[in-house]
Amino acid sequence: EIEHSTLFQVSTSTALVQGVYDGVVTIGELKQHGDFGLSTFDGLDGEMLALDGCFFQVRGSGQVSEPGNDAKVPFAVVTAFRAESEFTSDRVDGFAELFAQLDRMRRTENLFYAVRIEGQFASIKARAACKTVSGVSLVAATLRQTEFEFTDVNGTLVGFWTPSYARTLNIAGWHLHFVTDDRTGGGHMLDCRANELRVRLQELADVRIAMPETAAFLQADLSRDPTKVLDIVEQGGRDST
């Protein structure tokens, strides 16, 4: 009977790794489940970020727009964001340091978290996937991604933390998307630096997943551990091993 937010997810990260990119849920349907989140679009056509009920699309061209409610996504994670804790980060010198600060605010390794980070960034490195066809591996698809660099820019990072035990469902650890305050740029965050940021966190214990019923999803091999592939993709498509 206690009111709480639900983490609503469409499809799985493993399906994306296997090249299942066809849109299955509309932006209009996602809005019924949350006002905050991230995803990609049909055919990996850019990055999606939802903030304060507005859904944005960052394409490989760098263009930011608000897609119509009929736009479809193959994968998404959304929630109704209600901050439960807050802190100020005095200095961030790279994504590893940011993630370490966020990790210190988590009380457990076993629940999901949503995070909203706002402020002026000395630098942000981001990327956006370019549209491709289903069946192409995620690593091959991200080789065609576009990378952007922003300096001295005000903006917001939106993201989630997924426990390691759920790594076949979503990207384990932190996954963040960025949009500038003037809504002219953004993408999937690869790195960042800043002197002062406002960070708000929400703990999520209620998780619901809608599985696609398309032929591509039903026939995909989802038994493989996607961790290594997702690590490569998270680093911008470069294998660090």
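Biologist: In which sense do strand 5 and strand 6 pair, and over how many bridges?
Modeller: Strand 5 and strand 6 pair in the antiparallel sense, over two bridges. Two strands count as paired if DSSP finds at least two bridges between them. Strands are DSSP runs of E of at least two residues, helices are runs of H or I of at least four, and both are numbered from the N terminus.

Biologist: What kind of model is this?
Modeller: This is a predicted model, in which local features need pLDDT of at least 70 and side-chain atom pairs count only at pLDDT 80 or more, while totals for chains, interfaces and linings use all residues. Residues are numbered from 1 along each chain as its sequence is written, and side-chain values use heavy atoms, with hydrogens and water left out.

Biologist: Back to strand 6, then. Which residue there is the bridge partner of Val58?
Modeller: The bridge partner of Val58 is Val64. Five residues lie between the strands of this hairpin, and Gly62 takes a positive phi near 95°.

Biologist: Why is strand 5 described as largely enclosed?
Modeller: Four of the five residues of strand 5 (residues 54-58) are buried, so the strand is largely enclosed by the rest of the structure. Buried means under 20% relative accessible area, with a 1.4 Å probe and protein chains only. Across the protein chain, buried residues make up 55% of the 241 residues.

Biologist: What is the order of the strands in the sheet?
Modeller: Seven strands form an open sheet in the order 6-5-4-3-8-1-15, with mixed pairing. Strand 6 (64-65) and strand 15 (206-210) stand at the edges with a single partner strand each, so one side of each is left without a neighbour in the sheet.

Biologist: How many bridges join strand 1 to strand 8?
Modeller: Three bridges join strand 1 (residues 6-10) to strand 8 (residues 76-79), and the two run antiparallel. Phe8 has Val78 in strand 8 as its bridge partner.

Biologist: New topic: how many helices and strands does the protein chain have?
Modeller: The protein chain has six helices and 15 strands. Its radius of gyration, taken over C-alpha atoms, is 16 Å, close to the 18 Å that the globule rule (2.2 Å times the number of residues to the power 0.38) gives for 241 residues, so the chain is as compact as a globular protein of that length.

Note on methods:
Buried means under 20% relative accessible area, exposed over 50%, partly exposed in between (1.4 Å probe, protein chains only).
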